Amino acid sequence: MKVLVTGSAGFIGFHLTERLLERGDEVIGYDNLNEYYDVQLKYGRLDHLGINKSDITDHKLIASTKHTGFSFIKAGLEDKGVLDKLFEEEKFDVVVNLAAQAGVRYSLTNPDVYVKSNIVGFLNLLEASRNNPVKHFVYASSSSVYGTNTKMPFSVSDSVDHPVSLYAASKKSNELMAHTYSHLFNIPTTGLRFFTVYGPWGRPDMALFIFTKAILEGKPIPVFNMGEMYRDFTYVDDIVEGIKRVIDSPAKGNSSWNGDEPDASSSKAPYRIYNIGNSSPVKLTDFIEALETALDKKAIKELLPIQPGDVPSTWADVQSLKDDMGYEPKTEVATGVKAFTNWYKKYYNID
């Protein structure tokens with residue numbers, strides 16, 4: 001297939017691109033390479049895929065020197081003209097939108113960026129897919145949409161009408177927009193609510209990266225909610241395997257859907273929502289212990305109150321993804337954390 005992967009220089013997008021290329025798909029990567037976090041890490045991921053930093057020019061498609069099936073273009077989702085031209089010329093089979101302004105806490109101080117990228121940009125992608133029909137439109141949602149929900153595990157059939165950050169609200173908006181386009185234009189859309197993804201080449205703004213750097217430098221690590229946090233930590237290889245299976249199974253309408261008792265995860269339109277996580281929450285202090293073991297060094301913990309926009313616990317009910325796609329996360333936290341620390345030390349030349 002010919003697949004557009006937006007956010008291809010990002011953490012999950014990079015891993016997905018690599019996996020799709022390995023199985024023989026043709027992939028065009030799309031990323032604006034913004035400076036939300038260290039842009040050199042993004043260039044490092046692209047270099048690993050055969051895209052040289054010196055060759056990258058705004059709005060110009062360049063071919064990989066390593067993979068004959070991979071090309072990359074630097075542009076933002078708000079660049080509607082660039083997107084429209086790319087869709088017209090390339091005739092994609094599948095779109096996987098992993099490009100978004102990420103981060104719950106960042107949205108507290110930079111709200112405009114989230115509207116520009118996550119809402120206007122998402123609309124541009126939907127319009128391009130409407131005008132140049134694709135077989136499947138897959139996109140990243142987030143566990144943050146569950147907001148103030150406290151019933152565990154989080155189910156895709158539950159209401160998600162009470163977000164606690166603009167980031168979460170933007171992801172909920174994506175789900176609503178996708179359903180509209182599935183209903184009006186019969187575009188198969190599938191949204192994936194990611195739960196705390198970690199692993200090699202991970203994001204520097206995520207806890208594992210922050211903790212690893214601080215522990216190795218002998219600095220304190222911020223432990224929010226006094227350590228009483230639970231997260232459904234999910235290793236990136238398990239996430240990518242799930243995305244790959246979803247890509248190959250375009251959403252279909254649910255013939256038994258009932259408007260009197262509406263299931264929030266499906267519709268009569270070709271629309272689906274899935275949780276994608278490990279379905280095994282880990283206490284933050286236990287996660288830190290696994291990291292201490294992997295680094296063979298103790299952390300200095302700075303216990304802090306919960307941050308605005310954060311939730312104390314996440315836990316994914318992934319039964320529907322298991323039933324429909326055979327999804328089965330396999331990586332234990334200790335194994336995944338060790339893989340990350342091995343990558344970190346190698347990438348940053350730490351003995």
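Which residues of helix 3 (residues 80-90) are buried? I found Val 82, Leu 83, Asp 84, Leu 86, Phe 87 and Glu 90, buried being under 20% relative accessible area with a 1.4 Å probe and protein chains only. Helices here are DSSP runs of H or I with at least four residues, and strands are runs of E with at least two, numbered from the N terminus.

A note on ground rules: this is a predicted model, where local features need pLDDT of at least 70 and side-chain atom pairs count only at pLDDT 80 or more, while totals for chains, interfaces and linings use all residues. Residues are numbered from 1 along each chain as its sequence is written, and side-chain values use heavy atoms, leaving out hydrogens and water.

Next I looked up what covers helix 3: the cover includes strand 1 (2-6), strand 2 (26-31), strand 4 (70-74), strand 5 (94-97) and helix 4 (111-131).

I traced an open sheet of eight strands in the order 3-4-2-1-5-6-7-12, with mixed pairing; two strands pair if DSSP finds at least two bridges between them. Its edges are strand 3 (62-63) and strand 12 (271-276). Strand 3 runs antiparallel to strand 4 over two bridges, and Ile 62 sits opposite Phe 72.

Last, I checked Ile 243. Beyond its neighbours within four places in sequence, Ile 243 contacts Ile 12, Leu 16, Val 96, Leu 192, Phe 194 and Ile 276, contact meaning heavy atoms within 4.5 Å.

How values were computed. Buried < 20%, exposed > 50% of the residue type's maximum accessible area, 1.4 Å probe, protein only.
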